[in-house]
Amino acid sequence: MPFDIGFSELLLVMILALLVLGPERLPKAMQTFGRWAGKAKRTMTNFNHQVNRELELDEMKKKLAEHEAMIKRQAEGSDLQKLRDEAEQKIKAAEEAKTRAEQAIESGTTNLTDDKKTSS
């Protein structure tokens, strides 16, 4: 707690407030002060919660980055990387075969069309 006020200091402040404000205005002043102190306390509590959430979020981001880096390091030297490379090579070879087959079909169709025209 930021203010260390003992019972004797609090009693002294109350007596001074009673002498300065009088018995008629003292209850209203204490009520106003209580509201103000409550709002200040809630504001500080909300601020502390927000700062704590931000700190936790930053720490989670750091942990996530560390885990991602660890997973990448493990995957680079493992069989997963080799399988990935092999799969990429097979996909590339299949695409090349598909292109060659399409070209062969096109040229074969052209040849068949030409053969039909010459035989007619």
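Modeller: A salt bridge is a side-chain nitrogen of Lys or Arg within 4 Å of a carboxyl oxygen of Asp or Glu. By this rule, the count in this predicted model comes to two salt bridges.

Colleague: Why is the pair Lys63 and Glu59 called a salt bridge?

Modeller: The closest N and O atoms of Lys63 and Glu59 are 3.7 Å apart. The limit is 4 Å, so the pair qualifies. Both residues lie in helix α1, four residues apart, about one turn of the helix.

Colleague: What makes Lys63 partly exposed?

Modeller: Partly exposed stands between buried, under 20% relative accessible area, and exposed, over 50%. Lys63 has a relative accessible area of 41%, so Lys63 counts as partly exposed. Glu59 is also assigned to that class, because its value is 47%.

Colleague: How do you know that Glu88 forms a salt bridge with Arg84?

Modeller: The closest N and O atoms of Glu88 and Arg84 are 3.5 Å apart.

Colleague: Why are Glu88 and Arg84 separated by about one helical turn?

Modeller: They are separated in this way because they are four residues apart in helix α2, which covers residues 79–119. Glu88, at 42% relative accessibility, is partly exposed, and Arg84, at 47%, is partly exposed as well.

Colleague: Why is Leu19 called exposed?

Modeller: The term requires over 50% relative accessible area. Leu19 has 66%, so Leu19 counts as exposed. Its place is in helix α1, residues 7–76.

Colleague: Which residues form the nonpolar patch on the surface?

Modeller: Leu19 belongs to this patch, together with Phe7, Leu11, Leu12, Ile15, Leu16 and Val20. Their accessible area together is about 770 Å².

Colleague: Which residues does UniProt list for "transmembrane region"?

Modeller: An unreviewed UniProt entry lists residues 6–22 under that name. In the model, the chain over residues 6–22 is 94% helix and 0% strand, and the end C-alpha atoms are 23 Å apart.

Colleague: How many helices and strands are there in the protein chain, and what share of its residues is buried?

Modeller: The protein chain has two helices and zero strands. Of its 120 residues, 3% are buried, meaning that they fall under 20% relative accessible area. The accessible surface of the chain comes to about 11,400 Å², and 62% of it belongs to carbon and sulfur atoms.

Colleague: What is the mean pLDDT of the protein chain?

Modeller: The mean pLDDT is 83, and 85% of the residues reach 70 or more. Over residues 112–116, however, the pLDDT is below 50, and this stretch has zero contacts in the model beyond near neighbours in sequence.

Notes. Residues are numbered from 1 along each chain as its sequence is written. This is a predicted model: local features need pLDDT of at least 70, side-chain atom pairs count only at pLDDT 80 or more; totals for chains, interfaces and linings use all residues. Side-chain values use heavy atoms; hydrogens and water are left out. Patches are made of residues with over 30% relative accessible area and no salt bridge: like charges are joined within 9 Å, nonpolar side chains (Val, Leu, Ile, Met, Phe, Trp, Tyr) within 5 Å. Accessible areas come from the Shrake-Rupley method with a 1.4 Å probe; for residues, only the protein chains shown count as cover. Buried means under 20% relative accessible area, exposed over 50%, partly exposed in between (1.4 Å probe, protein chains only). UniProt positions are given in the numbering used here, feature names are shortened, and annotations may be inferred rather than shown by experiment. pLDDT is the predictor's confidence in each residue, from 0 to 100. Contact means heavy atoms within 4.5 Å.
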